[in-house]
Amino acid sequence: MEELKNYGHQHPLLMLNEEQLFGNGNGVVDCSWCGEKVSAPCFSCVECCGFYIHKTCAEAPLELNHPFHRHHPLVLLQNPPYTSDETCFCDFCDETCEKFIYHCSCGLDFHIKCALFTFNIAERNLKELEHVTLEDPSFSSENDGGNLGKCFACWEPLARYTYFSLDCGFNLHKKCAELPLKMDHLCHRKHPLVLKFNSERLSCKTCQVTQERGFVYGCSPCKLAIHIDCLSPLPVIEEKSHQHPFTLFWRQIPFICDACGTEGHHVAYAYCTCSIMVHKKCISLPCIIQHAFHVHRVFHTYFIHKEYSESLNCIWCHEVVDTGHGSYFCADCNVIFHVNCALKEKEWYCMVSQENEVDKSLDIPVNSITKVLETNDAGEATLIEHCKHKHYLMLSDKISEHGDKCCDGCLLLISAKFYHCLRCDFFLHESCAGLPKMDFIMDHRCVEKPFSGSKPFILTSDCMFECDQCTYLSNGFSYKCNECGIHWCVRYVTLPYAVKILGHKHPLLFYYDYYHFEEQCSGCGTNLSNTYRCKDCNFGLCLNCVMQPTRVGHNCDDHPLNLTYHKINDYTKYHYCDICEKERDSKNWFYHCETCDTSAHVDCVIGKYPFIKLGSTYNEGDHPHPLTFVKKFPYYPECVECGKPCEDLSLECAEPDASILLIGNAENQQSVVGA
């Protein structure tokens with residue numbers, strides 16, 4: 001047995017053959033360097049301390065000058081050079097790296113076996129392939145719809161070409177194992193293209209997709225990368241959604257794709273019957289999608305007819321869409337997406353079968369007004385039945401009579417036209433009365449599932465909930481996910497993608513993927529992300545400020561307080577809150593009564609429970625009688641649960657020997673929501 005002093009271990013090592021490895025009852029053991037199952041030949045520790053190592057790992061050079069990465073050597077490290085909360089992935093096989101790795105200062109990481117395997121590909125030293133049978137995907141029992149996995153070189157599906165499947169876990173197309181290290185190609189005539197790792201993370205010049213794993217052909221002086229498959233595209237592609245096939249058309253100059261409206265290079269596919277030219281990837285664009293940003297389905301179109309020739313802005317990025325090229329469009333609402341914006345987040349849309357293309361019922365939400373009993377001359381419903389109330393509701397515009405009442409749907413003060421019950425204290429804004437019974441909620445990944453048009457959220461009422469977005473407790477209307485049980489208040493669900501506020505002259509547009517943490521909200525001063533912003537000036541608001549009530553009542557003043565967006569005066573002595581008597585930041589919004597000159601912090605006016613209706617009943621706890629939400633001013637009785645004065649919202653039992661239960665502290669608040 002050969003003895004070897006080996007790097008990384010304190011004892012001498014002995015080389016074992018297969019008989020020695022498995023003949024002594026060792027069983028299956030792992031390599032102490034790469035973590036893979038050990039196979040002969042290998043080395044083991046003469047002191048029997050449990051150290052085993054593959055022969056290839058033991059003989060791995062400390063530095064590897066790799067032909068696919070010529071700029072720097074790959075250095076063998078005992079551990080990945082990252083912090084404990086960062087996961088290291090191999091840039092060849094995409095699996096995690098936990099032990100010895102080859103690392104480059106430019107950010108490339110490889111398992112030992114991956115670095116050596118790709119080195120052997122480059123050196124044409126693939127003895128491992130000499131006795132491996134080629135697999136034909138057309139005869140494979142595993143080929144159920146092309147789910148064979150991907151080639152580790154080009155990261156295209158194995159099902160497209162014959163391939164090798166090695167015992168070491170690598171899958172490799174035969175054509176990828178025989179790729180030339182250099183080639184001249186008409187798509188880049190300045191320099192030869194070299195087979196390499198995509199160290200610079202460049203997007204493919206042809207298809208614009210960034211492939212981070214495997215090999216690409218590249219030109220380092222020109223900072224250019226092209227996928228292996230993009231160098232030899234199919235001459236003809238048939239797509240079932242098109243009557244005729246698409247034909248390959250090489251381009252020496254850039255072109256604009258008629259399907260998505262973005263620039264393409266070199267490889268185009270022409271659909272001559274309709275005179276369109278597209279990217280290869282755009283041939284298979286979904287024809288119809290249901291997107292979380294819009295209530296109706298949107299349809300892919302190559303151009304929009306003249307009646308829609310006015311300027312249309314993408315609902316996602318709010319930039320102008322060139323309607324002479326492809327987009328996703330709702331003709332009923334004039335809502336439009338850039339193709340790439342609509343398909344940017346896979347969790348936010350689902351494809352709709354073309355069989356349902358003309359089924360308009362899929363676009364019609366079910367209204368919560370179950371029956372219209374009377375209408376006026378203008379066609380407005382003046383007397384209705386509503387699914388969330390047992391009595392008839394009547395339309396009214398008499399704010400003066402009910403101005404201190406709040407809507408039972410959104411819990412904001414009544415304004416404009418509203419419905420009210422003649423038999424009990426129930427009010428609904430006209431807009432809240434017309435809410436759909438079901439709705440699709442954007443940005444919800446229930447148990448990590450993608451957006452699904454078949455699982456809407458249900459309008460609920462008569463329960464206490466905590467909104468998953470604004471985090472306020474409420475007993476108004478909410479939309480509930482029946483799978484995970486979370487709620488959204490209707491204030492959040494009904495937010496439009498463009499809002500107009502009195503404090504700014506331009507409309508504010510919602511930007512989902514806006515992350516500039518150095519910018520602050522113009523309303524409260526917090527850092528901005530997923531925000532409403534003005535396209536014309538440096539003004540942005542967080543979601544909480546956009547949803548802030550514009551008019552509220554508070555016991556500090558006899559009149560409603562209005563949300564105020566500017567300084568009332570410049571005197572510092574006036575920049576104090578009349579509730580907490582502390583200083584206010586003059587740059588932030590506040591509530592103000594012009595009649596009484598009362599000013600207060602937003603949080604001081606809103607309080608902890610602004611969206612729980614006083615006088616409403618709570619039946620969800622373990623108290624034997626119904627409880628009513630009350631505020632006791634100026635008398636503050638003691639809470640029977642914690643003994644503290646009930647200074648905020650309380651629960652009162654109207655039965656004899658009534659008690660008051662405070663929900664203002666954390667323990668009792670949890671019992672109310674969780675009951």
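This report walks through a pocket, a helix and a few loop residues of a predicted model.

## Before we start

Residues are counted from 1 along each chain as its sequence is written, and side-chain values rest on heavy atoms, with hydrogens and water left out. Because the model is predicted, local features need pLDDT of at least 70 and side-chain atom pairs count only at pLDDT 80 or more, while totals for chains, interfaces and linings use all residues.

## The largest pocket

Rolling a probe the size of a water molecule over the atoms shows where empty space is left. On a 1 Å grid over the protein atoms alone, a pocket is an open set of points where a 1.4 Å probe fits, with protein on both sides within 12 Å along at least five of seven lines. Points are joined across faces, edges and corners, and the volume is the space filled by probe spheres set on them. The largest pocket holds about 1500 Å³ of space.

Its lining counts 39 residues, and Glu156, Arg160, Val209, Lys281 and Ser284 are the closest to the centre; a lining residue has an atom within 4 Å of a point. Two or more lining residues come from each of α5 (339-342) and β25 (349-351). Helices (H or I, at least four residues) and strands (E, at least two) are DSSP runs numbered from the N terminus. By class, the lining has 19 nonpolar, nine polar and 11 charged residues. Here Ala, Val, Leu, Ile, Met, Phe, Trp, Tyr, Cys and Pro are nonpolar, Asp, Glu, Lys and Arg are charged, and the others, Gly among them, are polar.

## An enclosed helix

Buried means under 20% relative accessible area, exposed over 50%, and partly exposed in between (1.4 Å probe, protein chains only). Helix α3 (residues 112-122) is largely enclosed by the rest of the structure, because nine of its 11 residues are buried. Among them are Cys114, Leu116, Phe117 and Asn120.

## Positive phi angles

Most residues other than glycine have a negative phi. Arg124, which follows α3, has a positive one near 55°.

Lys223 has a phi near 50° and sits in the loop between β13 (215-219) and β14 (224-226). His266, with a phi near 70°, belongs to the loop between β18 (263-264) and β19 (267-271). Are these two buried or exposed? Lys223 counts as exposed because its relative accessibility is 63%, whereas His266, at 11%, counts as buried.

## A buried loop residue

Thr323 lies in the loop between β22 (297-301) and β23 (327-330). Its relative accessible area is 17%, so Thr323 is buried. Leaving aside neighbours within four places in sequence, Thr323 is in contact (heavy atoms within 4.5 Å) with Phe303, Ile304, Leu312 and Ile336.
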